[in-house]
Amino acid sequence: MYLWTLRVLAVIFLIWFIAPIFKKYFNHGNKLGIAICLYILLFYTNTPLFEYVKNFCNSSPVLTFVWYFLAYMIYAFVAYATLVTVALIVASRIKPKDNATAITLGNRATKDGPSDLLKGRIDATRRYLETNKNATAILSGGKCKRDYIAEAQCMYNELSKSDIDSKRLIIEDKSKSTYENILFSYRIIEENNKNKNLAIVSDSFHQLRARLIAKKLGIKTHVGAVNAKTSALYLPTYFVREWIALVYELLFRSRPHRQ
């Protein structure tokens, strides 16, 4: 019964990781998620292929060592993924201070308008500004190869259609990454003497990495999360993507500075 349940879940998640590709969302999260599901279906559920590989590895002491080493690595990865997922959820629940300056992190701006994820962030920014009447929002995101216009300009265009005073919206259209989103936006905050407490507007899965970047930038003020309403279609892909992105952020990116 356990193995059949695992097989069914693997099939469901395999479809779930593949589905965003048809919306042109294909990244390391999809790739790793699909690989994990295929591994479970082909090897982990006592399939004939699994039994063949296991018996082959048991025929040699060296291969046996490799077999058990990989097994323990898989267990370690499962533990890591579980801890990181919990941390992602906890970070997304940290509330911002009243009237903290919002930094809205960009996403794809297409010819037809904001992407699904960017729409969610725009709506979350609007709700935040309606609730915090004295807050300002920095709309952060430049024009990448995938974009029709700068992401910040796309956000500004959409928010201008609402009742939000355009004077409360600041465009930051030079950044090309989450790190640059926060770095360039905080420079604007310092140069314009805005409230240095931050409200990061993004999807829930993105909040932990944004907080880590803010800490590495030496930002000592309060950093809270304003979460967009993310379609369930994208959640597995982007949570898995953050498992990879956090490792890169912690281990391979040198300590940045604001100068």
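This is a predicted model: local features need pLDDT of at least 70, side-chain atom pairs count only at pLDDT 80 or more; totals for chains, interfaces and linings use all residues.

Reader: What does Asn 27 touch?

Author: Leaving out residues up to four places away in sequence, Asn 27 touches Thr 237, Tyr 238 and Arg 241.

Reader: Let's zoom out. How many helices and strands in the chain?

Author: The chain has nine helices and seven strands. Its C-alpha trace spans about 70 × 35 × 35 Å along the principal axes.

Reader: How much of the chain is buried?

Author: Of the 259 residues, 44% are buried. As for contacts between residues at least 6 apart in sequence, 76% join residues at least 24 apart.

Reader: Now the sheet. What's the strand order?

Author: The order is 5-4-1-6-7, in an open sheet of five strands with parallel pairing.

Reader: Which strands stand at the edges?

Author: Strand 5 (169-172) and strand 7 (223-227). Each has a single partner strand, so one side of each has no neighbour in the sheet. The twist averages 25° from one strand to the next.

Reader: What holds strands of a sheet together, in general?

Author: Strands of a sheet pair through backbone hydrogen bonds, either parallel or antiparallel.

Reader: And how many bridges does strand 4 make with strand 5?

Author: Four bridges, in the parallel sense, with strand 4 covering residues 137-140. Leu 139 has Ile 171 of strand 5 as its bridge partner, and Ser 140 has Glu 172 of strand 5.

Reader: What about strand 1 and strand 4?

Author: Strand 1 (residues 101-105) is joined to strand 4 by four bridges, and the two run parallel. Leu 105 stands opposite Ser 140 in strand 4. From strand 4 the chain crosses through helix 6 (residues 151-159) to strand 5, and that β-α-β crossover is right-handed.

Reader: Which way do the residues of strand 4 point?

Author: Ala 137 and Leu 139 point one way, while Ile 138 and Ser 140 point the other way. All of them are buried. In a regular strand the side chains alternate between the two faces of the sheet.

Reader: Switching to helices. How do helix 8 and helix 9 cross?

Author: The axes of helix 8 (residues 207-216) and helix 9 (residues 235-251) come within 10 Å and cross at roughly 10°. That makes the two helices roughly parallel to each other.

Reader: Which residues make the contact?

Author: On helix 8 they are Leu 208, Arg 209, Leu 212, Ile 213 and Lys 216. On helix 9 they are Arg 241, Glu 242, Ala 245, Leu 246, Glu 249 and Leu 250. By class this contact has six nonpolar, no polar and five charged residues.

Reader: And how do helix 4 and helix 9 cross?

Author: The axes of helix 4 (residues 61-92) and helix 9 come within 10 Å and cross at roughly 100°, so helix 4 and helix 9 are roughly perpendicular.

Reader: Which residues are in that contact?

Author: Helix 4 brings Phe 77, Tyr 80, Ala 81, Val 84, Thr 85, Leu 88 and Ile 89. Helix 9 brings Phe 239, Glu 242, Trp 243, Leu 246 and Val 247. The classes here are 10 nonpolar, one polar and one charged.

How values were computed. Residues are numbered from 1 along each chain as its sequence is written. Side-chain values use heavy atoms; hydrogens and water are left out. Two strands pair if DSSP finds at least two bridges between them. Axes are lines fitted to C-alpha atoms, for helices over the stretch in contact, and angles run from 0 to 180 degrees between N-to-C directions. Angles under 35 degrees count as roughly parallel, over 145 as roughly antiparallel, 65 to 115 as roughly perpendicular and the rest as oblique. Contact means heavy atoms within 4.5 Å. Ala, Val, Leu, Ile, Met, Phe, Trp, Tyr, Cys and Pro count as nonpolar, Asp, Glu, Lys and Arg as charged, and the others, Gly among them, as polar. Buried means under 20% relative accessible area, exposed over 50%, partly exposed in between (1.4 Å probe, protein chains only). A crossover is right-handed if, with the strands pointing away from the viewer, the path from the first strand over the helix to the second runs clockwise.
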